[in-house]
Amino acid sequence: MTLEEIIEKLELELLTRPKDFSQVVPSGGYAADLLSCVMTGAMHQGIWVTLQAHANIVAVGALLELSAIIITEGARPDQDTLAKANHEGLTLLATSQPTFNVVGRLWELGLKNS
Amino acid sequence: MGIGTEEQLTPAPGAGADREDLQAEGAEQDRLETYVAELHVHTVLSPCAEVEMIPPLIVQAALARGINLIAVTDHNASANVPAVQKAAAGTGLVVWPGLELQTREEVHLLCLFDTLESLSAWQAVVDKHLPPLENNIEFFGEQFAVDETGAFIRREPRLLLTSASLSLKEAIESVTQLGGLAIPAHVDRKAFGLIANLGFVPTDVSIEALEISRHLNSQEAANRFPQIAGFPLIQSGDVHRLSEFLGANELTMAAPTIAELRLALQGRMNRRLKVLTS
């Protein structure tokens, strides 16, 4: 499944610069709000679902070359964080939905970690 | 720990000579005193603190450990600071106003001030950013405001063990603007610690010091978390019961003020911080 389909089906808001998301295929998913866990637990090029909007999420995302970070529950990164994400080429997506619902929808769509 | 060695100094703008002058001047004018400090003390206002954490017993226990400077830092609240200050009056124990903020990122942050006025201004900001939730005594514990003898004044009805909707960056900047000093608390701990929650020390805000918990010494902390080695480290007992006073920070300062603490953290003008457990 491509990131384009995910963005469309989950009605996610794109916070960073557009890319050709039809060419991005996430390797899997991970959900947690403790960045120390994400650094060791999330997979390379996966999707990370979190309600943390702190600037440090960009560094973690860049480290793991994540396909995207989905920020839940209406949390909003500040302008500096968005600028940093754009600089790193990292895609940030936002939704008012809670993490549980987002993960449930991703699973339904077939994004399952093997 | 070699905190405060010459090598770690950031040269003052201007020239090295200026700094030497400044230091010579400082040494000449200021009589430096040694303070043994415990900068993270809870009272019965914190639901997780033991019922023995009342002003007279806090003062007694601190003095018994040879501590002459404490900061009262209840969770998101500060109603018991004046009572502890009154209980300490005339004993030689200095009591700094403070609180322990829980930020939006669920990071605990010590907020220390010189005056009750500055603390009140900060408390007003914190109050505006706390959710309108009531404390559940059964789950979290009692939250008592008390007088200087420890006598009951009122129950704090708000839930204090929760996050204020302030980011770490906003909080540090506001506290600094109000003349205070903000120090991320127990950064080595999994629960509400900076490193567990945010992965590493953020670079988008100026962080003047970090606190490590009682569970390790500063050498072990630097080994486990190499990224914190460059920061001045204080150590606290995070005192929730009378037996938890550590008195680990030996501060050489001209007076017990936030400005002097800053100098000690930076090792400037002969001020020093020595962590005694290292």
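This is a predicted model: local features need pLDDT of at least 70, side-chain atom pairs count only at pLDDT 80 or more; totals for chains, interfaces and linings use all residues.
In which loop of chain B is B:Asn270 found? B:Asn270 sits in the loop between α9 and β11 of chain B.

**Contact between the chains**

- Chain A contributes 10 residues that are in contact with 10 residues of chain B.
- On the side of chain A that touches chain B, the elements giving two or more residues are α2 (35-41) and α3 (56-63) of chain A.
- The most comes from α2(A), which gives three residues to that side.
- By type, the residues on this side of chain A are five nonpolar, four polar and one charged.

**Strands of chain A**

- Strand β3 of chain A, residues 47-50, is covered on both faces.
- A:Ile47 and A:Val49 lie on one side of β3(A), A:Trp48 and A:Thr50 lie on the other, and all are buried.
- β3(A) pairs with strand β2 (residues 29-31) of chain A in the parallel sense, over three bridges.
- Within this pairing, A:Ala31 has A:Val49 of β3(A) as its bridge partner.
- Strand β4 (residues 68-71) of chain A also runs parallel to β3(A), and four bridges join the two.
- Here the bridge partner of A:Thr50 is A:Ile71 in β4(A).
- A right-handed β-α-β unit is made by β2(A), α2(A) and β3(A).
- Another right-handed β-α-β unit is made by β3(A), α3(A) and β4(A).

**Helix α4 of chain B**

- Helix α4 of chain B covers residues 116-128, and its 13 residues should span 18 Å at 1.5 Å a residue.
- The buried residues in α4(B) include B:Leu119, B:Trp122, B:Gln123 and B:Val126.
- These four cover an arc of only 110° around the axis, so they lie on the same side of α4(B).
- As background, an α-helix has 3.6 residues a turn, so residues three or four places apart point the same way.
- On the other side of α4(B), B:Glu117, B:Ala124 and B:Lys128 are exposed.
- The cover over the buried residues of α4(B) includes α3 (81-88), β3 (94-102), β4 (108-112) and α6 (168-177) of chain B.

**B:His42**

- B:His42 is in the loop between β1 (33-41) and α2 (55-64) of chain B.
- Is B:His42 buried or exposed? B:His42 counts as buried because it has 23 C-beta neighbours inside 10 Å, and the cut-off for buried is 20 or more.
- Leaving aside residues up to four places away in sequence, B:His42 touches B:Ala49, B:Met53, B:Thr73, B:Asp74, B:Val239 and B:His240.
- From B:His42 to B:Lys274 there are 232 residues in sequence and 23 Å in space, C-alpha to C-alpha.

- Most residues other than glycine have a negative phi.
- B:Met269 is not a glycine, yet has a positive phi of about 50°.
- B:Met269 is found in the loop between α9 (258-266) and β11 (272-275) of chain B.
- With 21 other C-beta atoms within 10 Å, B:Met269 is buried.
- B:Asn270, also a residue other than glycine, has a positive phi near 70°.
- B:Asn270 has 17 C-beta neighbours inside 10 Å and therefore counts as partly exposed.

Methods. Residues are numbered from 1 along each chain as its sequence is written. Chains are lettered from A and ligands numbered from 1 in the order in which they are written. Two residues are in contact if their C-beta atoms, placed from the backbone, lie within 7 Å. Ala, Val, Leu, Ile, Met, Phe, Trp, Tyr, Cys and Pro count as nonpolar, Asp, Glu, Lys and Arg as charged, and the others, Gly among them, as polar. A residue is buried if 20 or more other C-beta atoms lie within 10 Å of its own, exposed if 12 or fewer, and partly exposed in between; C-beta atoms are placed from the backbone. Two strands pair if DSSP finds at least two bridges between them. A crossover is right-handed if, with the strands pointing away from the viewer, the path from the first strand over the helix to the second runs clockwise. The expected span of a helix is 1.5 Å times one less than its number of residues. The arc is that of the directions from the helix axis to the C-beta atoms.
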